[in-house]
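Take a walk through this structure, one feature at a time. Keep the sequence and the 3D view side by side as you read.

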Amino acid sequence: MKFGKLLSVGLIYFILLNCSEGQIEQKRVLIFSKTAGYHHTCIESGYLALEKLCTTNAIEVDSTTNSSDFNTENLSKYAAVIFFNTTGNVLNVQEEIAFQNYIQEGGGYVGIHAASDTEHDWAWYGRLVGAYFISHPKIQEAKFIVEDASFAATNFLPKEWIRTDELYNLGIVNKEVNVVLSVDEESYEGGTNGKEHPMAWYHEYDGGRAFYTALGHTHSSYEEAYFLKHLLGGIRYAMGVEDN
């Protein structure tokens, strides 16, 4: 009888312990939207959409435009950091070191649209994001091609996805990425990357995980169910969530 009571107490303690651990490990992301160049007007409305997207999927959200938040103590709170339409050189040397250490310790990175127009002089960041922005034609409709239908950011999309956005021409600096979405340059005017024009990809990098999408310039993007689900899949990958 005493053994049975001990077993019951032990079982209850195990359940409570696992519940408390689940609370401690609740996922949180940081949305970073500092600009030191062009400021996308969609940042404000897009942030509200991103916040709602995350919170409705049990992801806690903090946001900042203050680069001093890139320090070891603060970054350790986050499963992923989202560079949301950042532009220019937004981190100083100490902040760069803190962010690099964060990734090396298993952190996650998500880059949205102008994140590739950020830190052009920092080669490590270039390899993390995978490419740098070069130019873009006028905003127009184009045909996007799903290259990987098994990845969380694209596994729900039609094989050919027609939508309107600002279409970046990119200088690829890291070919060791997994491309999941490309754009057909024959479907619009002004593309310069050629037959292989990647638009979204993911990869493991320097100990961490990175996802980038070149989509997300327009206000209407953040009202599109497909686009928001595209972002969620990338965010969950960067966070290290496997069942996405």
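W122 counts as buried because its relative accessibility is 9%. Buried means under 20% relative accessible area, exposed means over 50%, and partly exposed is in between, with a 1.4 Å probe and protein chains only. Y125 is also buried, because its relative accessibility is 0%. The model is predicted, so local features need pLDDT of at least 70 and side-chain atom pairs count only at pLDDT 80 or more, while totals for chains, interfaces and linings use all residues. Residues are numbered from 1 along each chain as its sequence is written, and side-chain values use heavy atoms, with hydrogens and water left out.

Stay with the aromatic rings. Rings of Phe, Tyr and Trp (its six-membered ring) pair if their centres lie within 6.5 Å; planes under 30 degrees apart count as stacked, over 60 as edge-to-face and the rest as tilted. By this rule there are 25 aromatic pairs. One of them joins F70 and F99: the ring centres are 5.5 Å apart and the planes stand at 65°, so this pair is edge-to-face. The two residues come from distant parts of the chain, 29 residues apart. F70 sits in the loop between β2 (60-64) and α3, and F99 sits in helix α4. F70 and F99 are buried. W122 and Y125 make a pair of another kind: their ring centres are 6.0 Å apart and their planes at 20°, so they are stacked. One aromatic cluster takes in F32, F70, F83, F99, Y102, Y109, W122, W124, Y125 and Y205.

Now step back to the whole chain. It has six helices and 11 strands. Both are DSSP runs numbered from the N terminus: helices are H or I with at least four residues, strands are E with at least two. Of the 244 residues, 52% count as buried. Contact means heavy atoms within 4.5 Å. Among contacts between residues at least 6 apart in sequence, 73% join residues at least 24 apart.

Some loop residues show such links. S33 lies in the loop between β1 (28-32) and α2 (42-55). Its relative accessibility is 12%, so S33 counts as buried. Beyond its neighbours within four places in sequence, S33 is in contact with I43, T64, T65, F84 and T86. F151 is found in the loop between β6 (140-146) and β7 (160-165). F151 is buried because its relative accessible area is 7%. Leaving out residues up to four places away in sequence, F151 touches V180, Y202, F211 and Y237. F151 and G234 are 83 residues apart along the chain, yet their C-alpha atoms are separated by 8.8 Å.

Is S68 buried or partly exposed? With a relative accessible area of 41%, S68 is partly exposed. S68 belongs to the loop between β2 and α3. From S68 to N92 is 24 residues in sequence and 8.8 Å in space, C-alpha to C-alpha.

Next, the cysteines. C42 counts as buried because its relative accessibility is 0%. C54 is buried too, at 0% relative accessibility. A disulfide is a covalent bond between the sulfur atoms of two cysteines. Here a disulfide is counted as a pair of cysteine sulfur atoms within 2.5 Å. How many disulfides does this rule give? The count comes to zero.

Finally, look for open space. On a 1 Å grid over the protein atoms alone, a pocket is an open set of points where a 1.4 Å probe fits, with protein on both sides within 12 Å along at least five of seven lines; lining residues have an atom within 4 Å of a point. Grid points are joined across faces, edges and corners, and a volume is the space filled by probe spheres set on the points.

The largest pocket holds about 270 Å³ of space. It is lined by 13 residues, and S182, G194, K195, E196 and H197 are the closest to its centre. Strand β9 (residues 178-184) gives the most to this lining, with four residues. Ala, Val, Leu, Ile, Met, Phe, Trp, Tyr, Cys and Pro count as nonpolar, Asp, Glu, Lys and Arg as charged, and the others, Gly among them, as polar. The lining of the largest pocket has four nonpolar, three polar and six charged residues.

The second largest pocket has a volume of about 180 Å³. Its lining includes N71, T72, Y102 and E105. Helix α4 gives the largest share of this lining, three residues. By class, the lining of the second largest pocket has five nonpolar, six polar and one charged residues.
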